[in-house]
Amino acid sequence: LPNGQPIAQTSPIWAAGMKISNPLAFRELLAGMNAGMGLNALLQIHQLELIEGIDTAWLSTPEYSRELKLGSAAVQIGKFDAAIVALEKVILLKPDYAEAYSNLGLALQGQSKLDQALRNYKIALSLKPDYPDAHYNLGNALYYSGHLEDAIEAYHKAVALQPDHADVYYNMGRLHWLRRDF
C-alpha cells in the first residue's frame, strides 16, 4: 500500500488494487487484515471470491459452497466450533457432498472426537470412494486412535489414488518407523 498505510486507511472503494462491491464484506476484510490475517484465509472465511480480470470481490458461490469454504478455512485456523456449524449446514443443504463430511471429520478430529471424525470420513468415502484426501484423513484418525494396520491400509488407498500425495508418504514412513517395520 502507498506509504506503508494500513489497509483500513485506504479507500473503501479501492483496496489493494481491488474494486470492492460489498461494503460490509470490505469492512470485515479490513478488520482481519489489520489483525494480521492473510488475504486468502480472509477471503475464504468471508466467502469472497476474487474474479480474475474483473478485479471485483463479491459473494458469488452457492450457499453450500460458501459454507464449505467457511468451514474449511475455520478448520485451517483452528476454529473448530465455527467449522462444525458451517459444515453441518453444508450437509443439511447438500447431504451427498463428500468434501463436507471429510472436512467435518477434520474439525471433529481437531476437538479430539476421533470416533465422530472416523464416522464422517467413512461417510465421505461411501459417497466418493476415490477421494484421496478422505482416505488420508481417515488414515490419520485411525493412526491417532491406535489402529495402525488400518491406518496403513487407508494411506495405501490414498497414494493409489494420488501418487504424488507427499503427506501420505511421510505419515506412512513415520508409522513404519514407529513400528520398527523397515
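**Figure 1. R179 and its salt bridge with E149 in the predicted model.** The side chain of R179 meets that of E149 in a salt bridge, with an N to O distance of 2.2 Å. This pair joins distant parts of the chain: E149 belongs to helix α8 (residues 148-161), whereas R179 lies in the segment after α9 (166-178), and the two are 30 residues apart. E149 is exposed, with a relative accessible area of 53%.

**Figure 2. The salt bridge between E153 and K157 in helix α8.** The side chains of E153 and K157 form a salt bridge at 3.5 Å, N to O. Both residues sit in helix α8, and because they are four residues apart, about one helical turn separates them. E153 is partly exposed, its relative accessible area being 44%. K157 is also partly exposed, with a relative accessible area of 40%.

**Figure 3. The salt bridge between K128 and E99.** K128 and E99 form a salt bridge in which the closest N and O atoms are 2.8 Å apart. The pair links distant parts of the chain, 29 residues apart: E99 is in helix α5 (residues 98-110), and K128 is in the loop between α6 and α7 (132-144). K128 counts as partly exposed, at 28% relative accessibility. A search of the whole structure finds five salt bridges, among them K128 with E99, E149 with R179 and E153 with K157.

Figure 4. Helix α6 (residues 114-127) has the highest mean pLDDT of the elements of the protein chain, at 98. Strand β4 (residues 56-58) has the lowest, with a mean of 38. For the protein chain, the mean pLDDT is 77, and 65% of the residues reach 70 or more.

Figure 5. Over residues 1-20, pLDDT stays under 50. For this stretch the model has 31 contacts beyond four places in sequence. Residues 50-60 likewise stay under 50 in pLDDT, and strand β4 comprises residues 56-58. The model has 28 contacts beyond four places in sequence for residues 50-60.

Terms used: Residues numbered from 1 in each chain as written. Predicted model: local features only at pLDDT ≥ 70, side-chain atom pairs only at ≥ 80, totals over all residues. Heavy atoms only, no water. pLDDT = per-residue confidence, 0-100. Contact = heavy atoms within 4.5 Å. Salt bridge = Lys/Arg side-chain N within 4 Å of Asp/Glu carboxyl O. Buried < 20%, exposed > 50% of the residue type's maximum accessible area, 1.4 Å probe, protein only.
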